[in-house]
Amino acid sequence: MGSLVAALAAGNFNDLTEITWGDGRGKILEKGKGLSLSLDNYSGSGFQSKREYLFGRFDMQLKLIPGNSAGTVTTFFLSSQGAGHDEIDFEFLGNVTGEPYTVHTNVYSQGKGNKEQQFHLWFDPTTAFHTYTIIWNSNRIVFLVDNIPIRVFNNHEALGVAFPKNPAMRVYASLWNADDWATQGGRVKADWSMAPFTASYRKFNTNACVWSAASSTSSCGVSKTDSVNNAQTWQTQELNANERNRLRWVQQKYMIYNYCTDAKRFSQGFSPECKHSRF
Ligand SMILES: *[C@@H]1O[C@H](CO)[C@@H](O)[C@H](O)[C@H]1NC(C)=O
């Protein structure tokens with residue numbers, strides 16, 4: 001029972017996460033209510049969840065680096081370990097002052113990615129906290145920004161497309177230097193005179209199945225305060241008509257890259273799921 005309660009506890013970074021690298025550049029703040037990561041020209045920083053999960057809904061609020069964030073990448077993602085790993089990514093690519101952040105999304109399964117979609121946002125992500133969510137169940141992966149779906153990746157195993165469903169994954173977040181590629185294709189470098197760069201995280205919530213490696217089982221908790229329906233909707237999450245409209249709006253107005261339409265890169269043909277992207 002202990003694990004179920006922890007899985008549903010509202011976002012204390014001390015309980016749910018540990019800072020794993022960055023030599024003091026990552027800091028848990030306000031007794032676990034917040035967390036900040038920083039980057040200078042020596043190192044970035046990062047943290048990970050203490051637990052592994054096999055399906056769930058993962059919410060994080062982020063406030064991205066203000067001003068000139070060119071060359072930096074701030075992340076929030078799920079990943080398994082080892083060769084042939086699975087990964088579900090939110091990456092936030094910085095930009096020079098006044099130019100938009102790019103939200104980069106990708107899905108890796110059995111070590112294979114190449115499923116990028118990128119977006120600009122309809123707000124400035126550096127002035128306030130916004131909620132970024134990954135819903136992961138056995139049928140689909142949904143990426144949401146402030147509860148608006150921006151991308152759905154359906155399980156198309158029937159078409160021979162691998163889908164992340166095994167092994168369990170941890171939640172990770174990091175801030176690092178990627179000025180060889182991140183901003184305007186690597187043409188704009190980080191301005192280290194502005195360092196340290198700082199991104200802030202808060203309200204990390206998991207509503208997920210906690211994986212126990214010892215018993216090879218996962219337990220999906222329902223907290224006493226949630227109705228069964230509320231707590232478990234992520235497990236069957238399908239978009240309703242309103243959400244499909246919003247997804248279409250984001251994809252039409254804010255998507256700046258889609259691997260399913262990059263004919264130059266995929267001159268041998270698109271991945272089979274590209275024909276079936278349902279809204
Ligand atoms: C940075 O700004 C440029 C110009 O507005 C834009 O094309 C690009 O997508 C933005 N994001 C990144 C990461 O380069």
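Predicted model: local features only at pLDDT ≥ 70, side-chain atom pairs only at ≥ 80, totals over all residues.
This dialogue walks through how to read several features of the structure shown above.

Visitor: How many helices and strands does the protein chain have?

Guide: Helices (H or I, at least four residues) and strands (E, at least two) are DSSP runs, numbered from the N terminus. The protein chain has four helices and 16 strands. Its radius of gyration, taken over C-alpha atoms, is judged against a globule rule of 2.2 Å times the number of residues to the power 0.38. The value for the protein chain is 18 Å, close to the 19 Å that the rule gives for 279 residues, so the chain is as compact as a globular protein of that length. Along its principal axes, the C-alpha trace spans about 50 × 50 × 40 Å.

Visitor: What share of the residues counts as buried, and what share of the contacts comes from residues 24 or more positions apart?

Guide: A residue is buried under 20% relative accessible area, exposed over 50%, and partly exposed in between (1.4 Å probe, protein chains only). Of the 279 residues in the protein chain, 53% count as buried. A contact means heavy atoms within 4.5 Å, and among the contacts with a separation of 6 or more, 66% are accounted for by residues 24 or more positions apart.

Visitor: Which residues are in contact with Ser69, leaving aside its neighbours within four places in sequence?

Guide: Ser69 is found in the loop between β5 (52-63) and β6 (72-79), and it counts as buried, at 1% relative accessibility. With those sequence neighbours left aside, the contacts of Ser69 are Gly94, Asn95 and Tyr101. Ser69 and Ala195 are 126 residues apart in sequence, and their C-alpha atoms are 9.5 Å apart in space.

Visitor: How many disulfides does the structure hold, and in what pattern are the bonded cysteines linked?

Guide: A disulfide is a pair of cysteine sulfur atoms within 2.5 Å. The structure holds two of them, and with bonded cysteines counted along the chain they follow the pattern 1-2, 3-4.

Visitor: What can be said about the link of Cys209 and Cys220?

Guide: Their sulfur atoms are 2.0 Å apart, and the link is right-handed, with 105 degrees about the S-S bond. Cys209 lies in strand β14 and Cys220 in strand β15 (residues 217-220), so the pair ties together parts that are 11 residues apart in sequence. Cys209 is buried, with a relative accessible area of 2%, whereas Cys220 is partly exposed, with 32%.

Visitor: Is the link of Cys260 and Cys274 right-handed or left-handed?

Guide: The sulfur atoms of Cys260 and Cys274 are 2.0 Å apart, and the link is left-handed, with -80 degrees about the S-S bond. Cys260 and Cys274 each lie in the segment after β16 (255-258), so this pair ties together parts that are 14 residues apart in sequence. Both cysteines, Cys260 and Cys274, are buried.

Visitor: Which backbone angles deserve attention?

Guide: Look at omega to begin with: the peptide bond from Asn166 to Pro167 is cis, with omega near 5 degrees, and Pro167 lies in the loop between β12 (148-154) and β13 (170-177). The peptide bond from Ala195 to Pro196 is also cis, with omega near 0 degrees, and Pro196 is placed in the loop between β13 and β14.

Visitor: And what is there to read in phi?

Guide: Lys31 has a positive phi of about 55 degrees although it is not a glycine. Lys31 is in the loop between β2 (26-29) and β3 (34-39) and is exposed, with a relative accessible area of 76%. Gln110, likewise not a glycine, has a positive phi of about 50 degrees. Gln110 sits in the loop between β8 (102-108) and β9 (117-119) and is exposed, with a relative accessible area of 59%.

Terms used
Residues numbered from 1 in each chain as written. Heavy atoms only, no water.
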